[in-house]
Amino acid sequence: MNRYLLLCGAIAVAIGGTLTLRLRYVTGPTTVRASGVSISRTVPSEYLTPLSAFNLRFTETQVAPGEHPVLPGGAAGITDEEAVTKAMAQSLGAVDGQLSPGVQVAARFGAFSDDVFAKGGPGAPMQLLYQNRPAWIVTFFGPGLTIPLDGPDPLAVHHEQNVVIDADTGDYLMGYS
Amino acid sequence: MKRGTLIRFLIALVVAGGSAIWPGVGPVKFPEIASANSACSTSSGHYYDGYGDFYDTWGASAWIVTRSFNFCTEPPTNPLGDKDFISAWSMVVTSDLNHFAQVGYGRYKKSTDTTHVFAEYTYSGCSNGKCKVDYPVQTYGGDNIKYWNAYHNVSSPHPRIEMWAGDCQSQTCYDIAGTPYDPANTNSGTDYWPSPWYEQYSGETKNTGDDVPGSVGYKASFTSVAYLPNPWKSSTYPTFQNVADYPYKNTEPTEPYYCFQPAGDSAFNIWTAGTC
């Protein structure tokens, strides 16, 4: 093997290694489940919406793929796969329980708080509804997801949608993008 | 039930316009007659049926009746597919239209979606400069809900525009969203809202084949259409001022089958029909 081939090989290894590191950094570990859906734990930066934009807080707790998270009272919460299934019914990134082409999904478990969403009424003071709620934030993202927005023309869209699922009850709590 | 009693009951139903009160049961909401939808356009955009005015304002408010609507029929293909969204809202917006905050009800075409409250506002931190939130607070045909946006001059967390659904003094209400910045502060950078701010109230679709809410028999009413002359400063709820702008000068039905009808002081109706 001459020096030229060695050099080319070294460059190829370097590029490949960098690319691998980059992909791992961006998408994190992804596991394919029985449902056939690959669930990541991280969201690519270009699809990551800052929680502060919605007055939300989230303290993530790592949960192994397919494991039931432990809720504050000690009970078992729903798994990431169950949360994704619940979220699919609400998300525009899935149809009939299947991810749409060009859409990926990530799920993160933790304590979720919404510092705006509150309910009140005559004689009832406003009360925040979601404070330190064990929840899964399920993020659908990719070019196959398009959420139309209001505002001046031309029509703008989002390519990500976050669906928050109660980790105890499986209830849909909110969507944001 | 005697025949005469039955006839009187049926007459009462008709007179009540389908909102009969059943003894011991409470209000019964009749299924609404859907308006006629039409073929999809192969392009998407923003299409409106409503009203805007030019009072300097710190907010916008309207009582909006929830009405049903149909999405356009395919073929030809609707480019948004099941992501199509139809809504009705009130909004505060800058005169250059680059900044806004709106709250109302809407529904995606996706079969599992419901008509629910939503809010949307401009913010540089969200992709494309717009943030959108949906909550599982559902609204049903005939509901009359106050949707309002107000600049709340509070120190904590900071002054902001808040988006609310419901009149807290007379009905269940929800604080839906708040801008994560002070739009009146020049230090907010690109999120600063230059004055003047105006008010708009409208139904909106993303395809010309979609219906705006309402039909001939069940129009979507906007009443107590109002603006906010002063910032909301105290802990009590803000006092809006009716636009009192009858007849309306700034209507904007973008399609000939999106109908608009003044309905007295600070009120109007919208609906979809083949002929308005």
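Colleague: Okay, what does Val138(A) touch, leaving out residues up to four places away in sequence?

Modeller: Val138(A) touches Ala83(A), Val84(A), Ala87(A), Val105(A), Ala107(A), Val163(A) and Ile165(A). Touching here is a contact, with C-beta atoms, placed from the backbone, within 7 Å. Mind that this is a predicted model: local features need pLDDT of at least 70, side-chain atom pairs count only at pLDDT 80 or more, and totals for chains, interfaces and linings use all residues. Residues are numbered from 1 along each chain as its sequence is written, with chains lettered from A and ligands numbered from 1 in the order in which they are written.

Colleague: And which residues touch the most other members of the largest nonpolar core?

Modeller: Val138(A), Ile165(A), Val133(B), Ala165(B) and Ile176(B), out of 109 residues in that core. Strand S5 of chain B, residues 85-94, gives the most to this core, with 7 residues. A nonpolar core is a set of buried Ala, Val, Leu, Ile, Met, Phe, Trp, Tyr and Cys residues joined through C-beta atoms within 7 Å. Buried means 20 or more other C-beta atoms within 10 Å of a residue's own; exposed is 12 or fewer, and partly exposed is in between.

Colleague: Back to chain A. Which residues of helix H2 are buried?

Modeller: H2(A) covers residues 80-90, and its buried residues are Asp80(A), Ala83(A), Val84(A), Lys86(A), Ala87(A), Met88(A) and Gln90(A). Helices (H or I, at least four residues) and strands (E, at least two) are DSSP runs, numbered from the N terminus.

Colleague: What covers them?

Modeller: The cover includes these strands of chain A: S2 (38-40), S4 (94-95), S6 (104-114), S9 (133-141), S12 (160-166) and S13 (172-176).

Colleague: Switching topic: which strand of chain B does S7(A) join?

Modeller: S7(A), residues 118-121, is joined to S11(B), residues 173-178, by 3 bridges, and the two run antiparallel. Strands pair if DSSP finds at least two bridges between them. Ala118(A) has Asp175(B) as its bridge partner, and Gly120(A) has Cys173(B).

Colleague: What about S7(A) and S8(A), parallel or antiparallel?

Modeller: Antiparallel, with 3 bridges joining S7(A) to S8(A), residues 124-128. Lys119(A) is partnered with Gln127(A) there. The two strands form a hairpin with 2 residues between them, and Gly123(A) in the turn has a positive phi of about 75°.

Colleague: How many residues are in contact across the two chains?

Modeller: 40 residues of chain B are in contact with 34 residues of chain A. On the chain B side, S6 (100-108), S8 (130-138) and S11 each supply at least two residues. S8(B) gives the most, with 7 residues. By class, that side has 17 nonpolar, 13 polar and 10 charged residues. For those classes, Ala, Val, Leu, Ile, Met, Phe, Trp, Tyr, Cys and Pro count as nonpolar, Asp, Glu, Lys and Arg as charged, and the others, Gly among them, as polar.

Colleague: And the confidence: what are ipTM and pTM?

Modeller: ipTM is 0.86 and pTM 0.85. Chain B has a mean pLDDT of 87, with 85% of its residues at 70 or more; pLDDT is the predictor's confidence in each residue, from 0 to 100.

Colleague: Where in chain B does pLDDT stay under 50?

Modeller: Over residues 1-34, for which the model has 23 contacts beyond four places in sequence.
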